[in-house]
Amino acid sequence: MVRELVDKSKLVATFSIVGADPETGEVGVAVQSKFLAVGSVVPWAKANVGAVATQSWANTAYGPEGLALLEQGMAPEEVVAQLVSNDPGRNLRQVAVINSQGEASAFTGEECYDWAGHKVGKHHSAQGNILVSEETVTAMSRTFEKTEGPLAERLLKALEAAQHAGGDSRGKQSAALYVLQEGAGYGGYNDVKVDLRVDDHPEPIVELQRLYELHKLYGMPSEAFVEIEGEVFTDIKQQLVKLELLEHADQPAYEGEVQNALKAFALRENFDDRWTEERKIDDKVLEFLRKQ
């Protein structure tokens, strides 16, 4: 049998979830595996089209081909059927497809290593192979459906729940989070809203969550600003002196030296999108400054 000839070390044995938010237009994939750099193999997505996860002796052609078929107007169920129909290795494949409307479909080949399976739910599909048990996929699906917020955070929560439920029976090594939304990329020049990978780490999901928090700090727009006056103004001056960006903390005016020093700090720390010329400071930048 083909199954007997397969080198397990080459299998992209993993658990993943594809998801979409029809209201925001976000589509994406989150994945974890005992496999080096799983983010280079499993997740594929295109804004306003959908997402694909290909794993278990992964056929990476499923990614671009699946997205092309979705873009042509095919339903996810039809896309999955076409992807596996002419693939001689389909019995060892696992694939999930979702469109931007949140319609999903998945396939688990009958020769995938136990435990292997998938669960299609509202606006998502959760799947995995070589898992400790079915509960990994069940927990992933259940958590996604009950969690609110941006798609990236829902996918991350689902991934975390899957690991707590058992995860990959071989252990942990890498993880990735890939979310697209039209115009949501850096500077609005592309659609890549979140693209984070942990290629080799003893706790890849924990590390992925840490990177996502940094991504929110550096890559997401400001939500709240604080007026620069009173204690805030004093703290800013003292910290800028400490960082040797300002000569004296007794400057009475914000405009001029203090403002220039604060701007230098903000741009040096890559807070370009959180800077304003008004007499205000982004609350996250203020928090970061106070910790220096």
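What follows is a short exchange on cavities and pockets.

Modeller: This is a predicted model, where local features need pLDDT of at least 70, side-chain atom pairs count only at pLDDT 80 or more, and totals for chains, interfaces and linings use all residues. Residues are numbered from 1 along each chain as its sequence is written, and side-chain values use heavy atoms, without hydrogens and water.

Biologist: How many cavities of 30 Å³ or more are there?

Modeller: On a 1 Å grid over the protein atoms alone, a cavity is a set of points where a 1.4 Å probe fits but cannot get out. Volume is the space filled by probe spheres set on the points, which are joined across faces, edges and corners. The count at 30 Å³ or more is one.

Biologist: Which element gives the largest share of the lining of the largest cavity?

Modeller: Lining residues have an atom within 4 Å of a point; among them here are L262, W275 and I281. α8 (257-268) and β12 (280-282) each give two or more residues. Elements are DSSP runs numbered from the N terminus: helices (H or I, at least four residues) and strands (E, at least two). The largest share, three residues, comes from β12.

Biologist: What is the volume of the largest pocket?

Modeller: A pocket is an open set with protein on both sides within 12 Å along at least five of seven lines. The largest pocket has 16 lining residues, with E213, K216, L217, R274 and K284 nearest its centre. Its space is about 380 Å³.

Biologist: Which element gives the most to the lining of the largest pocket?

Modeller: α6 (204-219) and α9 (283-290) each supply at least two residues. The most, five residues, comes from α6.
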